[in-house]
Amino acid sequence: MKRCEDLADQNMSNSQLPPHGRNWKKVKAEIKSVQKDDAPWYSERMFIGGSYFGGEEVVKVANEAYQMYINYNGLYATKVFPSLVRYERDIVGTLLGMMNAPNCASGSITTGGTESLIMAVKTAHAWAHDHRSGATEPEILIPHAAHPAFDKTAHLMGIKAVRMPQSDGFRADVEAMGRAINANTIMLAASAPSYPFGVTDPIPEIAALSEKHGLWLHVDACHGGFIFPFARKLGYSIPDYDFAVPGVTSISVDVHKLGYANKGVSTLLLRDANLETYQRYTFDAWPSGTYSTQNLMGSRSGGGLASAWAVLNYLGEEGYLERVGEILDTRERFLAGIRRIDGLEIWGEPQAYLIAFGSNVFDIFAVDEGMAERGWMGSRLQDPPAIHLFLDLSHSAIVDEYLHDLAEVVRVVKSGEIQSREKGASYSR
Ligand SMILES: Cc1ncc(COP(=O)(O)O)c(C=O)c1O
């Protein structure tokens, strides 16, 4: 624990409103000056930042639609903004189609992948109350490479999160999952694909476990949802991961990733619309009457939803096919180039646009630092150590330049001229 005086030194406490309002021009000038320290929101030299560039025209469409709804509060959509209700229905319907859902499926919009995972666990937990009555101390089984939002939710809800060990190929270890199932297990998690390695878990095998033991299976397709359906149409071999696999109960797909909506749009899809009763929270013992929502969040801008609807319609299947084709082509060029550099290895078989590569021979973090000195902003994995790239449309232009620098930096690292100063990796800090 830090002393109060030390915390005050961080300059976070007890600041004050300016006594009088300031001229907007000056405020804006200050914003621009402070903003100078930020990285750009996307760049062909950046592989971090969580923003996905789909082309200038797409950005313009998304931003214009967002602007039209920036002040609308999505919480009150069903009461006063029927257009937002229509956008939600259209987007969810489209995604259910893309995920091969049966006719009785349903879904809802959330503000992001994290909220979709929170609601998936919450829904599974309420469902387990009726269907897994032996689970007195509920547990969920989470593959090693799945997103920490599963654990965060378990923490919030007082559920036990059981992280499974790393396995061959960086996919979920189905045998270990099978061994870990017990009377308290309520849910299995899987990724299509995982963020660290871009590799999809063996979902048919995990689904067989969920069917055998009567468990909820959530597939986190936050990344794959807008890649895999199009990749298949382009002839890429994509493992089974969606509602076509019996035993998959729910799927999350982020529209604000490779769907190119502005931030604040993901979906939670349910195989059976009847399950929605476990998702919804309703309360009316207060003066304002019925409070009933499917989401965690309350007030939120309608902008994200409008931008999602606009971009889906602007691009259509053809626009997504074009972009996915270009990104996967870029990925293949990166993979081939990285494999040509002696001592580098790709961790797993990436199926989307996420790549992790490391080395059993030299210090990959030294390579990362050497690349950073040349202006390449990648991120890292810690287990196993790796440089982590996520690709969007902006990267097709720089593959050769990146690979040239990478080969050069590897040569320098091998010669012992640079060693890493920083060990370890960080996802969000
Ligand atoms: C696999 C996966 N699931 C869920 C999330 C959470 O998404 P968000 O950052 O939109 O909350 C992420 C974020 O990158 C992710 O990689």
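L84, Y87, E88, D90, I91 and T94 of helix α5 meet L305, A306, A308, W309 and L312 of helix α12, where contact is taken as C-beta atoms, placed from the backbone, lying within 7 Å. This is a predicted model: local features need pLDDT of at least 70, side-chain atom pairs count only at pLDDT 80 or more, and totals for chains, interfaces and linings use all residues. Residues are numbered from 1 along each chain as its sequence is written. Helices (H or I, at least four residues) and strands (E, at least two) are DSSP runs, numbered from the N terminus.

By class, that α5 and α12 contact has eight nonpolar, one polar and two charged residues (Ala, Val, Leu, Ile, Met, Phe, Trp, Tyr, Cys and Pro count as nonpolar; Asp, Glu, Lys and Arg as charged; the others, Gly among them, as polar). The axes of α5 (residues 82–98) and α12 come within 9 Å and cross at roughly 50°, which makes α5 oblique to α12. Axes here are lines fitted to C-alpha atoms, for helices over the stretch in contact, with angles from 0 to 180 degrees between N-to-C directions; under 35 degrees is roughly parallel, over 145 roughly antiparallel, 65 to 115 roughly perpendicular, and the rest oblique.

Follow α12 (residues 303–340) along and you'll find it lying across β10, β11 and β13, at about 5° to β11. Those strands belong to an open, antiparallel sheet of four, ordered β10-β11-β13-β12; strands pair if DSSP finds at least two bridges between them. β10 (345–346) and β12 (379–382) sit at the edges with a single partner strand each, so one side of each has no neighbour in the sheet. Inside, β11 (residues 354–358) and β13 (residues 385–390) pair over four bridges, with L354 opposite F390. Helix α13 (residues 364–373) also lies across β11, β12 and β13, running at about 40° to β13.

Now over to α6 (residues 113–131) and α7 (residues 149–157), whose axes come within 9 Å and cross at roughly 50°. They are therefore oblique to each other.

In total 13 residues surround the ligand, the closest being G112, G113, T114, H147 and Y195 (near means a C-beta atom, placed from the backbone, within 6 Å). The shell divides into four nonpolar, seven polar and two charged residues.

Key:
Contact = placed C-beta atoms within 7 Å.
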